[in-house]
Amino acid sequence: MSPPASPWSIPRPSMRWWPVFLRNLLVWKKLAIPSLVGNIAEPLIWLVAFGYGMGALVGQVNMATPQGTVAVPYILFLASGSICMSAMNAASFEALYSAFSRMHVQKTWDGIMNAPVRLDDVVLAEMLWAAFKALFTVTAILGVMLALGISHSPKLLLAWPALLLAGITFSCIALIFNALAKGYDFFTYYFTLFLTPMMFLSGVFFPREQLPGVVHAISDWLPLTNAVELVRPLFMDQWPSQAMRHIGVLLAYALGAFWLALALTRRRFAR
């Protein structure tokens, strides 16, 4: 008998992830409107409260760009950062609470794997589904921002692939914690110790130039920072500087996190 494959072996997904993705879509369609309202309500509250409330006090913020320092309306600055934060939160919630329910509570994954579907396909489908939910959410939020006249840059069309990449990255990271969790309470560590500090270090609410030097250097490599650095210039009708670097950082996080999440999930199901 050959020894069992190592949980750290190279991922071997196939196109059988698609029926799993489609299954999640069909279930979600029954609750699409409440889900959408829940996902977009909080970021829009942040936008209105801070963008228009604090924005009236702050007025404009100075941003360093390749063309020099420019003054940007605070509502535009906040909107371009908060939409990345929304992609992060939507992907994380789906890859944590919903995926954990399907994996551990409802035992949906066990039922799926009674069919000729490997665990690799299930994990890939969950990752892509969480990224799709994130993209759907930010599309609705972006529509509201356009209606409010926050930005009319034609370059915003390129924000979709950037936000999709952000959703993929954060869904991969969240699936690591999903594989480790014994219950829903475990996810508090992820939100409190990882996501919340990152929101305040990644230039969502204020320019990162105000951070101390060491903290600024650390924030350069945070996934949310690189997502914001890709999307914010598009809101300002500019092209991102060092776009390939930011894309590379997000891809590195996504690939590394997916491999780690898959290995931990394989180990969990092998017990």
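Mentor: Helices (H or I, at least four residues) and strands (E, at least two) are DSSP runs, numbered from the N terminus. The model is predicted, so local features need pLDDT of at least 70 and side-chain atom pairs 80 or more, while totals for linings use all residues. Residues are numbered from 1 along each chain, and side-chain values use heavy atoms, without hydrogens or water.

Trainee: Which element gives the most to the lining of the largest pocket?

Mentor: Helix α9 does, with six residues.

Trainee: Why are Lys-133 and Glu-94 said to form a salt bridge?

Mentor: Their N to O distance is 2.8 Å, and the definition asks for a side-chain nitrogen of Lys or Arg within 4 Å of a carboxyl oxygen of Asp or Glu; the pair therefore qualifies. Lys-133 lies in helix α5 and Glu-94 in helix α3, 39 residues apart.

Trainee: What makes Lys-133 count as buried?

Mentor: Lys-133 has 6% relative accessibility, and buried means under 20%, so the term applies. Glu-94, at 7%, counts as buried too.

Trainee: How do you know that Asp-120 forms a salt bridge with Arg-266?

Mentor: Their closest N and O atoms are 2.5 Å apart, so the pair meets the criterion. Asp-120 lies in helix α5 and Arg-266 in helix α10, so the pair ties together parts 146 residues apart in sequence. Both residues are buried.

Note on methods. Buried means under 20% relative accessible area, exposed over 50%, partly exposed in between (1.4 Å probe, protein chains only).
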